[in-house]
Structure formats: structure tokens, C-alpha cells
Amino acid sequence: MNQAGHTVKAFDDEMSDIRGMISDMGARAEAAVEAAMNALRDNDVESAREIVKGDKEIDAIEATVERRVVRTIALRAPMADDLRDLVAALKMSGVIERIGDYGKNVAKRVGALEGHGFLDSNPQLFRMADIAIEMVHMAMEAYARRDVDMARAVCVRDDDVDQLHKELFVDFIAHVAKHPTDATEIAHLLSISKNLERIGDHATNCAEMVYFSQTGSNLGDEFD
Amino acid sequence: MTDDNRRNEQLARIARNNMGEAAADVPSEPIGLADPKISARGVNVFYGAKQAIKDVSIDVGMDNVVAFIGPSGCGKSTFLRTLNRMNDTIPIARVEGDIRLDGEDIYSPKMDVVQLRARVGMVFQKPNPFPKSIYDNVAYGPRIHGLASGKAELDEIVERSLQRAGLWNEVSDRLSDSGTALSGGQQQRLCIARAIAVDPEVILMDEPCSALDPIATAKIEELIHALRGQYAIVIVTHNMQQAARVSQRTAFFHLGTLVEYGKTSEIFTNPREEKTKDYITGRYG
């Protein structure tokens, strides 16, 4: 859609910089969640520590995006798709920061599970993580390509994550009933499952913002 | 062809145009209002051989402030001036089409143009008070139109007009001072008071704030807000933020055509037409 440049070229540069930062945040958050799940599977405490440290960089980019968006709104008084792009960037930066936080939360639990009794026998949590990560990836692709169809597909995918979370909850209860000594692991895994479910929600939020910025309509209205 | 037949035919043509492909998949804001104050249909304006306005149809209601926006030379001021026949003062200007005020054809030979301009007042880009006292600036119109039966009634009209224009508190103790001695913003509000004094139904404003500082501009915008509903107001402005702030409906003109007319909130956040979007986002040209 957005195509012809602005008469004021500096405005184009500012918009492009902000978009670049959002894409950078998205890539970092996606990588953090993926790395956290790998560290969980491999019980790699050292990698997990790096993920926790790396979250500060995502937070810093979010703060920069906020400043840049506010500045651009103040200086350029954007209208129509420019305004929607900036509003979307502002909201997405907050949402992506949360995705990064969930990656960090998962990483913090690596090494605290006191065993892999459940994980070794049930791959569903990793399957759920794969879908959540794929959703984040697709949402960011949709953002980069301004692709409303891809954004719509992300929202549809969220149902799978929600369903897996529900199934896992039942599995967790069943497992802890049979293996009370795995209670600590299950408590952590339950939190991780909830974090992944929230990552799916936030990827959906990002996709909704992509849809809004491109169409001026809310994707939620289409699904209601 | 009678006036009514001609008008019906124009409405039918507009309806046919509205059923075109572009309008089919997008809910189109209707040009027509149920109870328009001003109703223009199929308006063309020529300056000699050059056509400045091409087949413009638009309704202006009492409830909404309407903003005309568009690049320089797009015809927005020309069209504004057709609404109180100001183009009559330009010898080479020729207006075609149908413009009605409360259903009355304003280009009818029977129309008294002086009366029309009292009903459809105008405020210009540069404040143009008469070289007279503040009082006489406002009293001028009521005097020539015989709207006051005596000094007391004229005083009342002057005070009421200055109050409505938000100027009374600043000038009430110096009504005999010259209008030209006021600041630019005060002069513009004096011109608005002068327009209001003859009890118009419509106020046309042609870039009323372009010569004013931000504070004076804010006062005019506040005034437009206060006057909304009492008068039908049409404002031409190059300031997009101003159009977005003061109006409820916006019309975008380009090369003499009306490209898009709709709710201001939609025009500035999600315009239907690519040309409108390019203009309001600063991508035009």
C-alpha cells in the first residue's frame, strides 16, 4: 500500500527507522523465546542466563520507539495511514516487549525444574512453543510486508495455542496425581505453558495492529 | 425544463454516478442530506475558457462545520465563493448548475444578491475591518439593512454580535476606537462580529486564520466551535490540523473536482480515496 514518498523526505526516514526498530524488536523477542525453550529442553543454564541479560536490549529499543513515535507525532502531525502506522508501532513495541519478558520468564525457570519427569515423556509443551514462535514470526513478517492476509492467519492460529494450553493443563494435573514428586517441575511448566499461551495472544495483538494500520479497521470486528 | 425537473435529473445523475464500481464495495458517504441548508448540484465554474470547478455536488447542513481542503488552485475558494455569488464580482467568471439556500435557487434572476450576502456572510483570509470605529464596523450591516429600529436596539445588536464573536470583553470599553487599531486576531473576530450582526444563516470563512498567530487562531477555532449549530459554517483552510479540529465534515478538492466528501473523523484517519490520502499525508505531487 504505502508507496509514494512524502514530500518531506525526513518524514520517510523517521517512519522507516521506527519500522526497522519494531522489526528488530520482533526478531529479538522471537529469538529469545526460541532460545529459552531450547535452553529448557537442554537444561542449558548458561544460555538461559544470556537470554535474561538480552531482554534489557529489547526494553531499551521499546523506550526508543516510544520516544521516536511521540516525537514524530509532535513534529509531523501525521494523518491517515501514517498516523495508524505510528499508533500500531507504539502498541506493538509494548506488546513485543511483553513477548520478550515471557521469553525471559521461561529462561529463568531453566535449572529450577528439579527434574524432567514430565518433559521427557510429553513433547506437547514444545509443540505449543513452536506454534507460538511461528505466530510471532508470522506477525512480524506480516508487519514487514504489510500483509493483511498473513495477519489474519496469525489470529486463526491462536486457537491452536489456546487448545494446547488447555490440554496441557489436564495433562499436568494427571501427571502430578501419578507422580507427586514432580510437583515442582509441573508448577514451573504450568507457568511456562501460560507464558506461551500469552505469547500467542500477544502475537495476535501484533497481527491485529498490522491489520489496523493497513486497513483502518479492527480485525476483531471481522472475527466477532 | 422546469427548475424541479432539472434538479431531479441532476439528482438522478449523481445517484447513477454513486452506483459506479468504486462506490460499490465501499460504503459511500451520501452527498445528499435530509435537510440541507445549502444544496449544490452539478456546479461548474469557468474563468473565461478555463474551467475551475467541474460538476461539484455537495450539501451543507446546519449541524456540522464543513471544511474544504485541497492544494492551491484546486478550486475550493472558488467553490466557496459561488455559495454567496461572490464570483459575480469577477467579470469573466461564469457559474453553471444549481445552488440552493433552503431550497431557493440563489442564481435565480429574482434573487436579491445584497440580501443573499446578508444571509450568507463571509470572512476573508486577511482581516478587512472598515476604517471606522469598532462600533460602526459592527453596526454598518444592521444600519444598511434596516435591522434596528433605534439606537438602543442597534447597541444591543452590536453588543450581542461582539459577544458571540468572543470580542466583547476585550473592546467593550473602547467601542469608539478604530477597528483597524486592533490586533490581527481581534480584527478577524471583529469581521466575524460584523458578519454575525446581520443575522446570517450561513458563514463562509476563507482561510480565516492564515494571517494569525497560534493564540489568535485558537480563539477563532473556539469561536467556530461556539457558533456551530447557530449558523451553517463552511471553512476553507490549508491547515489540515485545523480542518480536523474544527469541522465535522470535510470535502477534498483536487483540480476543480470534489474527490471525497465525508465525516472528518474518517477522512483524516481512513480516507477512501488514494488522492485524499496522498494529500493529507503529505505525499501529494
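Are Asp82(A) and Arg283(B) buried or exposed? Asp82(A) is buried, and Arg283(B) is buried too. Buried stands for under 20% relative accessible area, exposed for over 50%, and partly exposed for the range in between (1.4 Å probe, protein chains only).

## Basis of the model

This is a predicted model: local features need pLDDT of at least 70, side-chain atom pairs count only at pLDDT 80 or more, and totals for chains, interfaces and linings use all residues. Residues are numbered from 1 along each chain as its sequence is written, chains are lettered from A and ligands numbered from 1 in the order in which they are written, and side-chain values use heavy atoms, with hydrogens and water left out.

## The contact between the chains

Chain A puts 15 residues into the contact and chain B puts in 13. Contact means heavy atoms within 4.5 Å. The two chains bury about 1100 Å² between them, with 45% of it on carbon and sulfur atoms. In chain B, the residues that lose the most area to chain A are Asn270(B), Thr281(B) and Arg283(B), together 45% of what that side buries. Buried area is the accessible area (1.4 Å probe) that two parts lose on being put together, summed over both.

Eleven residue pairs are in polar contact between chain B and chain A, both residues at pLDDT 80 or more. A polar contact is a pair of N or O atoms within 3.5 Å; within protein, one must be able to donate a hydrogen and the other to accept it, and residues adjacent in sequence count only if both atoms are side-chain atoms. On chain B, α10 (240-246), α11 (264-269) and α12 (274-280) each supply at least two residues of the side that touches chain A. Helices (H or I, at least four residues) and strands (E, at least two) are DSSP runs, numbered from the N terminus. α10(B) gives the most to that side, with three residues.

## Salt bridges

Over all chains, the structure holds 36 salt bridges. Three of them are counted between chain B and chain A. The term covers a side-chain nitrogen of Lys or Arg within 4 Å of a carboxyl oxygen of Asp or Glu. Asp82(A) and Arg283(B) form one, with their closest N and O atoms 2.8 Å apart. Asp82(A) lies in helix α3 (residues 80-109) of chain A and Arg283(B) in the segment after α12 of chain B, so the pair joins two chains.

Other pairs sit within one helix. Asp149(A) and Arg152(A) form a salt bridge at 2.9 Å between the closest N and O atoms. They are three residues apart in helix α5 (residues 148-178) of chain A, about one helical turn. Asp149(A) counts as exposed at 51% relative accessibility, while Arg152(A) is partly exposed at 26%. In chain B, Glu156(B) meets Arg160(B) in a salt bridge (3.8 Å, N to O). These residues are four apart in helix α6 (residues 151-164), again about one helical turn. Arg160(B) is partly exposed, at 38% relative accessible area. Salt bridges with shared partners also join Asp81(A), Asp82(A), Glu274(B), Lys277(B) and Arg283(B) into one network.

## Strand β1 of chain B

Strand β1 (residues 38-47) of chain B is largely enclosed by the rest of the structure, because nine of its ten residues are buried. β1(B) pairs antiparallel with strand β2 (residues 50-60) over seven bridges. Two strands pair if DSSP finds at least two bridges between them. Tyr47(B) stands opposite Lys50(B) in β2(B). The hairpin has two residues between the strands, and Gly48(B) there takes a positive phi near 65°.

β1(B) also runs antiparallel to strand β4 (residues 93-101) of chain B, joined by eight bridges. Val45(B) stands opposite Val95(B) in β4(B).
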